[in-house]
Amino acid sequence: MKAPPAQPKILVTGATGYVGGRLVEALEQRQRTIRCLARRPEYLKARVGETTEVVTGDCLDPSTLGPALDGIETAFYLVHSMGSSQDFADQDRQAALNFARAAREAGVRRIVYLGGLGDPADGLSKHLESRHETGEVLREAGVPVVEFRASIVLGSGSLSYELIRALVERLPVMICPRWVRVQAQPIHIQDVIDYLLAAIDLPLRSSRVYEIGGADVVSYEEVMKEYARQRGLRRFMLPVPVLTPYISSLWLGLTTPLYARVGRKLIASLKNPTVVRHNSALRDFDIRPAGLTAAIERSVRNEERTFAATRWSDAVSSSGVGPSWGGVKLGRRLVDSRSVEVPVPPERAFEPIRMIGGRRGWYHADFLWKVRGLVDLLAGGIGLRRGRRDAEDLGVGDTVDFWRVEAYEANRLVRLSAEMKLPGRAWLEFEVKPGPEGSTIHQTAVFDPKGLAGLLYWYGIYPLHLWVFKGMLSAIAEHSASTRQADSPSSTSPVSAGSGPANSNH
């Protein structure tokens, strides 16, 4: 009996992002042969199935792309640099050029790319203009490209949906500048994934551009009103004639998961209508996208799960962090290290550590953490709005407020890498070791200063750090002990506030 032919291999870039993560999950459910390209593969390996291959690569480094594209028939290009502190348009252009050339040399048969809607005649924002240019650069290399141009993507965890959800949930009265009345054609994430999957087997002789959107043409204001209606919330919207992108971004950053840099780029893009003008996607694909009401119903229903399957803020690019300084000594590292013994086994000592941040907070001086988040936000950083993917579980690559999990070993180790604005690099590590009478919790804060500014920063706020880190470790120890008391058969006292499971974040 003849063996069935091997399935064509598929490459997914941007798999740590919102759409890419959902696409990988859908491909795995269909048992497709998948390879993922990631700059930080350790962030991705814990999130994909055992049969999915993860390789190291960066679209800005051409030398890494050849091996990643070897043997690939269909390549999904889902990367962008909107979160970058550098010129994202230049980075997007160069990344697309590198990828397209490498795909041609590797014999890739098609590239599938997700961009953004918008009529060039309207004078596109820099972000939308870059999205269109990326598609053009990919096509120019000669590999056939299926480009989808989408409007607002709705789904639990998406950037647009999180913006709408946060505004409506938190503000009974909303200031509505002009951009909330611009027309769009929202599409649910599942419909986007269906289009991407269908593109794999689409008969293709040359490149095609498809405009995709949901069944309804509405404004952001109408989307917010529909969300409020479904959530049973009464909201008042006050129109204002103008609100500059800078002020709007700060306002959004204070009330939503957005941080200022992404907020400015997003607001600048919302001036452009994103409405489907050509219906070729409805002709060539057997997909009928949902309307606004159904899209929000799906999104709200999925929120009732413990956490969204993927979130826009979990993407490594959402940190806005520049190139790595790894391997370069930027001055002597400064360390604050302390430890405490607790009369509980390691898994109990580790419990408050794995639940740190997000809605639970940092166990001590939470108001200072919030002040630091506000300062970071005003400086164009990410602030504290990202929260956590899940209130109780952690994994490598997860975000914890303005930190990211760099290393994780259950019941033993968590190392957080800072992604706030800093004149240097910073880490916060917790390690739990078994002891003769329980466990020892080691807490270490490390700062690698960049020049004189870094040294002034560290020593200028060291008294505060000393107080915060000392108090945080003491509070973690107290939470560990309270967990032990609560589980003791002889104990009748209730668990102290903050020691039980918290609700999930965002």
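A residue is called buried when its relative accessible area is under 20%, exposed when that area is over 50%, and partly exposed in between, as judged with a 1.4 Å probe on protein chains only. The model is predicted, so local features need pLDDT of at least 70 and side-chain atom pairs count only at pLDDT 80 or more, while totals for chains, interfaces and linings use all residues. Residues are numbered from 1 along each chain as its sequence is written, and side-chain values use heavy atoms, with hydrogens and water left out.

Side chains of opposite charge can pair when their charged atoms come close. A salt bridge is defined as a side-chain nitrogen of Lys or Arg within 4 Å of a carboxyl oxygen of Asp or Glu, and by this rule the count comes to 22 salt bridges. In one of them, Glu133 pairs with Arg93, and the closest N and O atoms are 2.6 Å apart. This pair links distant parts of the chain, for Glu133 lies in helix α5 (residues 126–140) and Arg93 in helix α4 (residues 88–106), 40 residues apart. Helices are DSSP runs of H or I with at least four residues, numbered from the N terminus. Glu133 is partly exposed, at a relative accessible area of 24%, and Arg93 is partly exposed as well, at 32%.

Another salt bridge joins Arg338 to Asp336, at 2.9 Å from N to O; both of these residues are buried. Arg415 forms a salt bridge with Glu406, with 3.0 Å between the closest N and O atoms. Arg415 counts as partly exposed at 26% relative accessibility, and Glu406 counts as partly exposed at 21%. Salt bridges with shared partners also join Lys9, Arg35 and Glu53 into one network.

Key:
Helices (H or I, at least four residues) and strands (E, at least two) are DSSP runs, numbered from the N terminus.
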